[in-house]
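Colleague: Can you walk me through the aromatics and the core here? Keep it quick.

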Amino acid sequence: MPKPMSSAPIDRVRVNAYTIPTSSPESDGTLQWNKTTMVLVRIEAGGQTGLGYTYADEATATLIHNKLADVITKKDAFNVGALWAEMIHETRNLGRTSIVAMAISAVDNALWDLKARLLGLPLVKLLGMVREGMPIYGSGGFTSYSMEHLESQLKGWVEQGIPRVKMKIGRDPQADLKRVHAVRRVIGRQPELFVDANGAYSRKQALAQAQHFAAEGLSWFEEPVVHTDLPGLRLLRDRVPATMEIASGEYGYDLEYFQRVLDAGAVDVLQADVTRCSGITGFLQVAALCQLYKIPLSAHCAPAQHLHVACAALPLRHAEYFYDHVRIERMFFGGFIEPLNGVIHPDLSRPGNGLEFKEQDAERAKAA
């Protein structure tokens, strides 16, 4: 019987940025965009290649290429925790948030995938599987959409068996009320309806809107005020109808941020993003914090990158099936898994995260 591999020096780190035009102009309550950039990392060791990514700016790829690649090259790929800590240490003078955290996230995600492939295991089995699938909610409904486009997109997800859907609000409070009403009318009363203001409202605006939204059976109000206003989030959490939950956390980059949110009692559900919160290592730390505070966790965007860790995180409730990222991941990766009745199940016959990068397809999409 062959001796199991016990070490694997990292031979090579590759990083590429792919900027893809959106299918149409998009906006939420506070931002407009027409393109999305994926920063993809591939790490080679022991004859295997681990794959991880983040959605960020091209500057993130530069940081990985110029700094983080040197930090981990020649080190043992099995020592993911030590490599994560070393990346944190070596970027001390650059800070712990934003581009630094997203760069570390992409590398850490690739390291976990690499370790699982070296062991011949699905990543979720390495992490410790606690559920068979990742429940999702359909997310899009941009404020730039016409009413017809909005209704069609969210109704389409419900017809696919996804039992919860989310739309963007915040550009025009009066228009928001009409748009929420229209969506509820076309999807019916049974599916859960979520809204995301991306911090566009003032505290009193958000509170007034929540009273109207309650009549539409809305159960999730994400970032009703700016995510840094923890007292404002707490105010909303205390005063919105009891059937409505306040959610925030997608802009968390380090554990201290998430602890501040929970200490403030600012949310009913904490969000975390494995492409921002310092990778799978950071995401599992946030999950442990949620267990301590007895607050559920929801994964933000990047569904293919979240799939395995979501199935290993005890307090996870669901994950965001975000339109832009689904579109890109479906184009870029073999092994992308479609949801079944609102749940995505990892393919346990594939090692690692189960993804295979389709480089030619990515290059064509980038050039389009």
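Modeller: First, the rule. Rings of Phe, Tyr and Trp (its six-membered ring) pair if their centres lie within 6.5 Å; planes under 30 degrees apart are stacked, over 60 edge-to-face, the rest tilted. This is a predicted model, where local features need pLDDT of at least 70, side-chain atom pairs need 80 or more, and totals for chains, interfaces and linings use all residues. Residues are numbered from 1 along each chain as its sequence is written, and side-chain values use heavy atoms, without hydrogens or water.

Colleague: How many aromatic pairs does that rule give?

Modeller: The count is 16 aromatic pairs. Take Y201 and F221: their ring centres are 6.3 Å apart and the planes sit at 80 degrees, so this pair is edge-to-face.

Colleague: Where in the chain are Y201 and F221?

Modeller: Y201 is in the loop between β6 (192-196) and α7 (203-214), and F221 is in strand β7 (residues 218-222). They are 20 residues apart. Helices (H or I, at least four residues) and strands (E, at least two) are DSSP runs, numbered from the N terminus.

Colleague: Is Y201 buried or exposed?

Modeller: Y201 is buried, at 4% relative accessibility. Buried means under 20% relative accessible area, exposed over 50%, partly exposed in between (1.4 Å probe, protein chains only). F221 is buried too, at 0%.

Colleague: New topic. Which residues touch the most other members of the largest nonpolar core?

Modeller: I43, Y53, I72, F213, F221, F283 and F332, out of 123 residues. Such a core is a set of buried Ala, Val, Leu, Ile, Met, Phe, Trp, Tyr and Cys residues joined through side-chain atoms within 4.5 Å. Helix α3 (residues 98-119) gives the most, with 13 residues.
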